[in-house]
Amino acid sequence: MTKSFKSGFVAIVGRPNVGKSTFMNYVLGQKIAIMSDKAQTTRNKIQGVYTKDNAQIVFLDTPGIHKPKHELGEFMVKSAYSALKEVDAVLFMVNVSEKRGPGDDFIIEKLKGIKTPIFLVLNKIDLVTPEVLLERVESYKDALDFAGVFPISVLQGNNVNELMEALIEALPEGPQYYPADQITDHPEYFVVSELIREKILQLTQEEIPHSVAVTVDKMQKDEFDKVHVYANIIVERKSQKGIIIGKGGRLLKEIGTRARRDIQQLLGNKVYLELWVKVEKDWRKRKSNLQEYGYKETDYRD
């Protein structure tokens, strides 16, 4: 008798900074989505592929849903909503260390029209007492007809396996969309640019993180199997360029050093990384710039 195989697409939605990218990286066992403590870290739908002998889940890690202030923000929110179309299940993730707020209610209203199973995932239970956790669960449980409610801690791994088992159980029988050893459908150029942007998020403050885009011009191996990566860091103002470069080029060098380590781990090769900082005034407000820097709507089932 042939063993049934489950497969499907699962969108992870929630407010900014609730742990969506951290969750997907944990489940996949490798970093493909960048992480920082700053809101709106994820800008595109990041597609991650989880495969077992009896199932394959294609996760869509979406940008945090927020009130947009410019074209980039509009793109991010549209990207998050589009992930809800035609998926087989939705993970609605909340930060259990914060009370349910207007941002959560806004997402709940959007989810009311979704007919696929919705799982409530209360992340960061390691930050609260059992009493607070119970209070948070009570505040959400009647908001929607949830297929399951899972308090988890991605950092500690609590209840993640149980969530994955329930998710697989809810998926329909279907094909294996990707090879078993593939964990993302994004090209290496995209993941490399995101790893560089992550280091900028970690090392800068105030307006800088949200004003930065990263593009990779070229990646090529030399005769010694070393990968040469040439990338651009785009900012909106000349003053921001000075901050990114830092005194004597120190900050740019630190960005490059940290990014190179992650890129080497991703590619499995030694890496030479060259970074340029360029100014493109108010690039976030222009659709043409968004397209140029890789913020394009795609159909993930194609």
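Analyst: What follows describes the open sheet, then its helices, then some other parts of the chain. The model is predicted.

The sheet is open and consists of 3 strands in the order E7-E8-E9, with mixed pairing. Strand E7 (213-221) and strand E9 (271-279) stand at the edges, and each has a single partner strand, so one side of each is left without a neighbour in the sheet. From one strand to the next, the twist averages 15°. Strand E8 (residues 227-235) and E9 run parallel and are joined by 9 bridges.

Helix H7 (residues 238-245) lies across E8 and E9 and runs at about 155° to E9. Helix H8 (residues 250-267) lies across E7, E8 and E9, and its angle to E9 is about 135°. Gly242 has its place in helix H7. With a relative accessible area of 41%, Gly242 is partly exposed. The C-alpha atoms of Gly242 and Val277 are 9.0 Å apart in space, while the two residues are 35 apart in sequence.

H8 also meets another helix. The axes of helix H6 (residues 188-203) and H8 come within 9 Å and cross at roughly 140°. H6 and H8 are therefore oblique to each other, since only angles over 145 degrees count as roughly antiparallel. Their crossing is right-handed. On the H6 side, the residues that meet H8 include Val191, Val192, Leu195, Ile196 and Lys199. On the H8 side, the residues that meet H6 include Leu251, Ile255, Arg258, Asp262 and Leu266.

In helix H3 (residues 102-111), the residues Asp104, Ile107, Ile108 and Leu111 are buried. Seen down the axis of H3, the buried residues fall within an arc of 105°, so they line one face of the helix. An α-helix has 3.6 residues a turn, so residues three or four places apart point the same way. The cover over the buried residues of H3 includes strand E1 (6-13), strand E4 (89-95), strand E5 (118-123) and helix H4 (130-140).

E1 is joined to E3 by 7 bridges, and the two strands run parallel. Gly8 stands opposite Ile57 in E3. In strand E3 (residues 55-61), 7 of the 7 residues are buried, so the strand is largely enclosed by the rest of the structure. Ala55, Ile57, Phe59 and Asp61 point one way from E3, Gln56, Val58 and Leu60 point the other way, and all are buried. In a regular strand the side chains alternate between the two faces of the sheet.

Two loop residues remain. Lys124 is found in the loop between E5 and H4, and has a positive phi of about 75° although it is not a glycine. Lys124 is partly exposed, with a relative accessible area of 22%. Asn159 has its place in the loop between strand E6 (148-151) and helix H5 (160-170). Phi of Asn159 is near 65°, again a positive value in a residue other than glycine. Asn159 counts as partly exposed at 31% relative accessibility.

Note on methods:
Residues are numbered from 1 along each chain as its sequence is written. This is a predicted model: local features need pLDDT of at least 70, side-chain atom pairs count only at pLDDT 80 or more; totals for chains, interfaces and linings use all residues. Side-chain values use heavy atoms; hydrogens and water are left out. Buried means under 20% relative accessible area, exposed over 50%, partly exposed in between (1.4 Å probe, protein chains only). Helices (H or I, at least four residues) and strands (E, at least two) are DSSP runs, numbered from the N terminus. The arc is that of the directions from the helix axis to the C-beta atoms. Contact means heavy atoms within 4.5 Å. Two strands pair if DSSP finds at least two bridges between them. Axes are lines fitted to C-alpha atoms, for helices over the stretch in contact, and angles run from 0 to 180 degrees between N-to-C directions. Angles under 35 degrees count as roughly parallel, over 145 as roughly antiparallel, 65 to 115 as roughly perpendicular and the rest as oblique. A crossing is left-handed if the near helix is turned anticlockwise from the far one by less than a right angle, and right-handed if clockwise.
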